[in-house]
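Biologist: I'd like to go through this model with you, part by part. Can you put it up?

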Amino acid sequence: MDGSGIRQALSMMNERGSGEGAGYVAYGIYPDYRDCYALHVFLDNTCESKAVVDATLEQWGAIEHDEAIPTCNQQNLRTACTPWRYFFRPDASLAPGSASPEKDVVKNLVMQINGCVNGAEVVSSGKNVGVFKAGGSGAWPEVVADYYRIEDYEGYLWLAHNRYATASPEKWERPDPFNLHDWSVVENGKTTTYGTNRRYVESFGYNCTTSTDSEVITYLIDLLVRRHGLDINLAIRALAPPYWEEIDRMPEAEQKLNRALRFAYGAATMNGPFTVVAASPDMMVGFTDRGKLRPMVVGECADRLFIASEESAIRTMEPEVESITRPAAGEPVIGRVAP
Amino acid sequence: MAKQITIDAKGVDCTSLNQQIREALKDGADEVVVNNVLGQRFIGDGLRGNATICVHGVAGGDLAMFMSGPTVVVHGNAEHAPGNTMDSGKVVIHGSAGDAVAHSMRGGKVFVRGDIGYRGGIHMKQYETQRPILVVGGSAQMFLGEYMAGGLLIVLGLDGVMKAREIGSGIHGGEIVVRGDVDDTCLAAGAKKVPLTDEDRARIVPVLREFAEDFGFDPEPLVNADYTRIVPASARPFAGKYTWE
Amino acid sequence: MSDCNLGSMPLRYRVTIDRDQCMECGRCVDNCSYGVFRQDGDKILINSRKCTACHRCITYCPRDAIMLAEHPCDYRSHPVWNQQVRESIYNQARTGKIILAGMGSVANLPVIFDRLMLDACQVTTPPTDPLREPVELRTYLGKKPSKLDFRQKANGDVELATELTPNLMIETPILLGHMSYGAISLNAHLAMARAAQEVGTFMGTGEGGLHPGLYPYQDRVIVQVASGRFGVNVDYLNRGAAIELKLGQGAKPGIGGHLTGEKVSKDVSKTRMIPQGSDAISPAPHHDIYGIEDLPQLVRSVKEATGWKKPIFAKIAAVNNNAENVAAVARSGVDAIAIDGFRGGTGAAPRVFRDHVGIPIEVAIATADKELRKQGLRNEVSLIACGSIRESADVMKAIALGADAVYIATAALAAMGCRVCGNCYQGLCPWGIATQRQDLVDRLNPDVASKQVANLIHAWTLEITELMGAAGITSIESLRGNRDRLRGYMLDAGLLDVLDVKPIGA
C-alpha cells in the first residue's frame, strides 16, 4: 500500500496534535536496495555535516548509494535540514563476537553520529525501511506527508504519528517515529520513567540524545528482543508487567516467569500513560500501560491489521474493516507479516 | 560398625565437594574420607554432629568454619583460618597452616603439628563451658593471640626457633602458653608474662597429652617442660583511651 | 581535680520548675535516671548538670511545670572558636583522651536531601491516585538476573531456565537497621521485631547475637556478622532470614566497635557469648578479610554454612572511594549492599570520626548506583541506603538516587520515645531503650513500642505511595535511580554532576 491511506488516517487525528510535528515510517519501500541498510539522515548542511556522515560510514562499511530524499516544499513548512538517504553495507568484521554483527555496527555508528554535535541526525537505519518526519510550525500530518511525497512509496507496513509538541517543537528529529535498524516506534502518551529507562539502556551502550520516550523504547525493544533474545510477548511483558498481586495469583510456573521478568527488567519497566505501536520487518505490535491510561483501538480486515488511537482513523483507511476491538491493558496485539 | 564413605575431590569445586560431604553425613557416615583435596575451601563449614572427616591433600581456607561438633583431620597443610569462628569439635592438621588460624574461635580444639602463620588465635573467645583451644607444634608468627578474649593457646616450638613477636597485642582474656622462655621484647602492649603455676600445668597437661597422642609422639618431655604463660595485663585494655563528650 | 585549673564547664542545660505549677508529685524524681531531681522534704531540688535533655521529666510532669533551656550560659560568640571546639579542648586538656560521643554526627553541614526537590505530574502526564489505583512498593532485595535464559520443553513450550537466587520480599522499602542487643534493650529489640512482622519488613540484629526472645520473629530478622563475631554460630546464621556482614559503619568509618564491660549484663553476655562484664571489642577489620579477594571467601563461607538459601548483605561506610568499594563488594557474591552515610547513628563513636570522616549517603548512593550501572553490575546487588533517613521524603529521594530500600534506626528509636539526647553510652536511658538496667528496660512496653514503630513505617509508606502517585509512578522499581524526578535546589554544579541531578528550572 502506498502512503496516501495513512496520510488521510493521520489527518483524521489532527485534533490530537499541535501542528508542530508528524512522521511516518514504512517497511518494504526500498526493494532495489533490500540488502542495504537504508540510513535516513537529517543534515544541517550538505557540506560539513555530510562529510562527517560520509567519513563515519566509510569507516564502518561501504556506501552503496546516497542521495537527497526527494521532497516537495510546502508553503507553511519551514525547512530546517536536508533529509538525505544512504544505502549502506556495514562491515560485519568490525563487530567480532556479536550474534548480529551488522546490526551492532549500525547501532554503533548511529550512536556515534547522533551523540556528537555535528549537524547530522540519523533518523532511521534499517533494511528496506525509512522514516519521514518533520517538525516546526505548520508541520501537520498531511503537510509532512506531502513534503516527502509519501504517496510515492509502496510499503507493506506503515506507522504514523501526530505530535502534540511540548519541548523543542522546531526540531525535526523530535517527532515520532523513532527507528533503529529493524525496530520503529510510535507512542501516544508520556512515560514517567524516562530517567530509569534511559539509564538502563545507556548501561548497554545506547545513547539517548533526544529526551523522547520513543527513542528509549526503540532501544529497549532492540536490547530485549535482539540482544537478550526475548520473545516479543515477553519483551512487552517486561516493559509493561502485571502487578505483583496478579503475579501472586498465577500458577507457579507462570509466577516464576513473571517474577523473573520483573527481577531482571525492573529498570526497563515503563510507568505513566502510553500506547506504543512498534514495528519490525516481520511484525507490528501494540500495547498500553498497565493502568490503561491511553486509548488503543484495533481493527482487522482480511490479512490486514490496524492499530490506532481512534476507530475513525482505522475506518478512514479501511471503511470495510471487519472487526474493531479494544484490548485490555497488558494484552499486546501482535500482527505478524505473512511470509 | 562405623560407616565410612570415601569421596574423590579431584577437580571438584568446593560447593559440590561440601554438598557431597553433607550428603555423606546425612547417609549416616561416621567417617568421611576425602582424597585428592587441592585447595577446596570451607571443608566442614557449618557442619554439626560428631562424624570424622579425613582430608588428604591441601585443605583450602576457612577449614571447619562455623563447625559445631565434627572432627576434621588433615593429612597435609591447611590454608588460612582453619577453625574460623568454630563452635565445637576438633581440627587436627598434620602439616602446617596459614594466617589467622582459629580466628574468632569460640570452642573446640585446633591442633596443628607444624607451624602457623601470622595472627594465630586472633580474637579467640570463651563463654561459660565453651573454651577454645589452639595448640601449635611448631612455631607461630607475629601477632600471636591478637585481641584474644578467651581460650587457651599453646605453642610448643618443637621444630626449633620460635618466631612469634608482638604476642598478645590487645589481649583481654584467655591465656597463651609458650614452651620455654619468651623474651620481654616479644610481648605486645596489653600482655604480661606470669609464671606457670602447678595449677596451670595441671590444666594444660591433658591437652598436651591429647596433642601428643594425636600426632604419635611421647608426651612426657612436653608434660615436664618449662613454659611461659602470657595473660592480659587488663581485662579492659582500651578503657584508659577514651573520655565522654 | 586539684591538678587541673579548668574547673567546671558552663551548664549545658538548665532545668527549672515553675513552683506555682509544681505539686511535688515526685514523678520527675522517679523518671529521671540521671539524678537531676531530688526530693528534699516537700521541695524538689534540681541538679541541672546531670541533665541530658532526654525530656523524660517534661513528658511525665502532669502540670507542665518543668522547663529546659539549652546553653543557658553564653561563651563569647566566635564563628571559629565555637562552643563545641572550646569544650573539646577543655575536656582533652583535662583527660588527655579520645572523646567519645553518642548518636550521629552533629557537624553543621548542609543536608543534601533537604536541597533535593521531588517531582509531581501536572498536565503532560496524569498523577495516579493511590487510593484508587495500585502503586506498588513491594521490593525484592537480592541478586537479580541481568538477562533470562529459556529452554524449549519436549512439547514445544518455552520455559524459564534461569534460576532465581533467594531474595527478601518487603512490602515497603523501609527496613529497621542494625542496632545490637546490648547497645539497646531487649524490649526495644522485641518492639522492632514485632513491628517488622506487622508491616512486612525486616529488622537487623546488629552485632549482639540473637536473644531467644526474638526466636519467634526470626523470619523477620537479618542477623549480623561483624568483625567481633559476637553471638555468631551456625545456629544463629540459620535462624536469620538473611545475614549481613558488617564491614563498616558510617558513624565511624575505618574503626571497630567497643561495648564496654558495664553493658555486658548476664543476658547480653549470653547472646554475645562472652563473659559477663568483659569488654566486647570489635576489631576495625574482619581479620579474615585483609584483601578484597578475602571478602568473597567470607561470603561463600556463610553461604556454605546456610546451604545457599539466604541472601547475604554487606554493610559498608560511605567514604571517598565509595564507588570503587561498592563495585568491589558487588563482585563478592553478596546479594545486597547497605551503605551507611556519615550521618549514621551509633551508641558511641569518637567525636572526631563521627563529625569528620566519611561522605553523605545521598552522594554515596548516587555514585554507587551509577558505578554499578557503568560496570554492568547493578542487578548483582540491591542497594540499601542508611545514615539519618529522617522522613518519607528522604526515602523517596534515596530511591530516586538509586537505592532499592533504606534502613531506618534513629527514626525507629524516636518512634519508641527516644529524644536523640545522645547519651546512649551512659546506659541510663530513661526511655528504656539504650539501657540494660531492668527497671528502666521495664518502662518500655514492647507492645506499645512496636505499635508506634509500625505506625511510623505505615505512615511513611502511605506518604511514599502518595508521592509516587503524584509523580505518576506506579511501581517502586520505576522510581529507582530515576534522578529525572529530582531537582537540586541551590546545590553547586559539581555536586549536581556527581548526583546526576539537574538543577531546579532545568
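**Where chains C and A touch**

Modeller: The contact between the two chains draws on 37 residues of chain C and 27 residues of chain A. Keep in mind that this is a predicted model.

Biologist: Which elements of chain C each supply at least two residues of the side that touches chain A?

Modeller: Those are β9 (158-160) and α10 (361-374) of chain C.

Biologist: And how do the residues on that side of chain C divide by class?

Modeller: The side of chain C that touches chain A has 14 charged, 13 polar and ten nonpolar residues.

Biologist: Staying with chain C, how many helices and strands are there?

Modeller: Chain C has 15 helices and 23 strands.

Biologist: What does the C-alpha trace of chain C span along its principal axes?

Modeller: The trace spans about 90 × 55 × 45 Å.

Biologist: What share of chain C is buried?

Modeller: Buried residues are 55% of the 506 residues in chain C. As for contacts in chain C with a separation of 6 or more, 69% are between residues 24 or more positions apart.

Biologist: Which domains is chain C divided into?

Modeller: There is domain 1 (13-97) and domain 2 (164-503). The C-alpha centres of domain 1 and domain 2 of chain C are 32 Å apart.

Biologist: How many residues are in contact between those two domains of chain C?

Modeller: Ten residues of domain 1 of chain C are in contact with eight residues of domain 2 of chain C. On the domain 1 side, the residues that touch domain 2 of chain C are five polar, four nonpolar and one charged.

Biologist: New topic, chain A. What is the strand order in its open sheet of three strands?

Modeller: The order is β13-β12-β14 in chain A, and the pairing is antiparallel.

Biologist: Why do β13 and β14 of chain A have one side left without a neighbour in the sheet?

Modeller: β13 (304-308) and β14 (323-325) of chain A are at the edges, and each has a single partner strand, so one side of each has no neighbour in the sheet. From one strand to the next, the twist averages 20°.

Biologist: How many bridges join β12 to β13 in chain A?

Modeller: Five bridges join β12 (residues 297-301) of chain A to β13(A), and the two strands run antiparallel. For A:V298, the bridge partner in β13(A) is A:I307.

Conventions
Residues numbered from 1 in each chain as written. Chains lettered and ligands numbered in written order. Predicted model: local features only at pLDDT ≥ 70, side-chain atom pairs only at ≥ 80, totals over all residues. Contact = placed C-beta atoms within 7 Å. Helix = DSSP H or I, 4+ residues; strand = E, 2+ residues; numbered from the N terminus. Nonpolar A, V, L, I, M, F, W, Y, C, P; charged D, E, K, R; others polar. Pairing = 2+ DSSP bridges. Axes fitted to C-alpha atoms, helices over the stretch in contact; angles between N-to-C directions. Domains from an automatic or database assignment. Buried ≥ 20, exposed ≤ 12 C-beta atoms within 10 Å, placed from the backbone.
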